[in-house]
Amino acid sequence: MPDRRQNPRDKVIFGGVAEIGERGARRDCVVRNISETGAHIEFSNVIKLPKEQMLLTIARKGRSFLAKIVWWRDNFVGVAFSSETRSAPVSDLAERLRKSEKKKRQLQRRINELLGDG
């Protein structure tokens, strides 16, 4: 089957958030592959999608994309990005994770001291 995409897609596993519908319902998703002009995303279960478009935010890229739904099958969706993009807030998840890991190491050292292992 010939590939009809304009740009080749890179295989990735990025976390994403899709804002669906007029009321801005948000659903977590996984971006499975991406190019400059579109992406293949997966939801954890079958969802109802709008026929027009959704806003896809990918924190790892620090961007949001206005995405037109090209196809969907069960919980897998193919989207084409509009030329209009928005900046997404940079996720503080990485910073929170670093702080959590540091606190974990401190607590582990303290436990070792109390047990006489350190």
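**Exercise 1. Is Leu49 buried or exposed?**

Solution. The model is predicted: local features need pLDDT of at least 70, side-chain atom pairs count only at pLDDT 80 or more, and totals for chains, interfaces and linings use all residues. Residues are numbered from 1 along each chain as its sequence is written, and side-chain values use heavy atoms, with hydrogens and water left out.

Step 1. Take the cut-offs: buried means under 20% relative accessible area, exposed over 50%, and partly exposed in between, with a 1.4 Å probe and protein chains only.

Step 2. Leu49 has a relative accessible area of 13%, so Leu49 is buried.

Step 3. Helices (H or I, at least four residues) and strands (E, at least two) are DSSP runs numbered from the N terminus.

Step 4. List the contacts (heavy atoms within 4.5 Å). Leaving out residues up to four places away in sequence, Leu49 touches Ile20, Phe43, Ile69, Trp72 and Val77. Ile20 is 29 residues from Leu49 in sequence, with a C-alpha to C-alpha distance of 6.9 Å.

**Exercise 2. State the secondary structure of the protein chain and the share of its residues that are buried.**

Solution. Step 1. Along the sequence the pattern is β-β-β-β-β-β-α.

Step 1. The protein chain has 118 residues, and 31% of them count as buried.

Step 2. Of the contacts between residues at least 6 apart in sequence, 43% join residues at least 24 apart.

**Exercise 3. Describe the largest nonpolar core.**

Solution. Step 1. A nonpolar core is a set of buried Ala, Val, Leu, Ile, Met, Phe, Trp, Tyr and Cys residues joined through side-chain atoms within 4.5 Å.

Step 1. The largest such core has 21 residues, and those with the most contacts inside it are Val31, Ile41, Phe43, Met54, Val77, Val79 and Phe81.

Step 2. Two or more residues each come from strand S1 (10–20), strand S2 (25–34), strand S3 (38–43), strand S4 (53–58), S5 and S6. S1 gives the most to this core, with four residues.

Step 3. Take Val77 from that list: beyond four places in sequence, Val77 touches Ala39, His40, Ile41, Phe43, Leu49, Met54, Ile69, Trp71 and Trp72.

**Exercise 4. How do S4 and S5 run, and how many bridges join them?**

Solution. Step 1. Two strands pair if DSSP finds at least two bridges between them.

Step 1. S4 and S5 run antiparallel and are joined by six bridges. Within this pairing, Met54 has Ala67 in S5 as its bridge partner.

Step 2. Four residues lie between the strands of this hairpin, where Gly62 takes a positive phi near 65°.

**Exercise 5. Locate Asp74 and give its phi and exposure.**

Solution. Step 1. Asp74 sits in the loop between strand S5 (63–73) and strand S6 (76–87).

Step 1. Its phi is near 55°, a positive value in a residue other than glycine.

Step 2. The relative accessibility of Asp74 is 52%, so Asp74 counts as exposed.

**Exercise 6. Where is Asn33 found, and what does Asn33 contact?**

Solution. Step 1. Asn33 is in strand S2.

Step 1. Asn33 counts as buried because its relative accessibility is 13%.

Step 2. Apart from neighbours within four places in sequence, Asn33 is in contact with Arg9, Asp10, Lys11, Val12, Gly38, Ala39 and His40.
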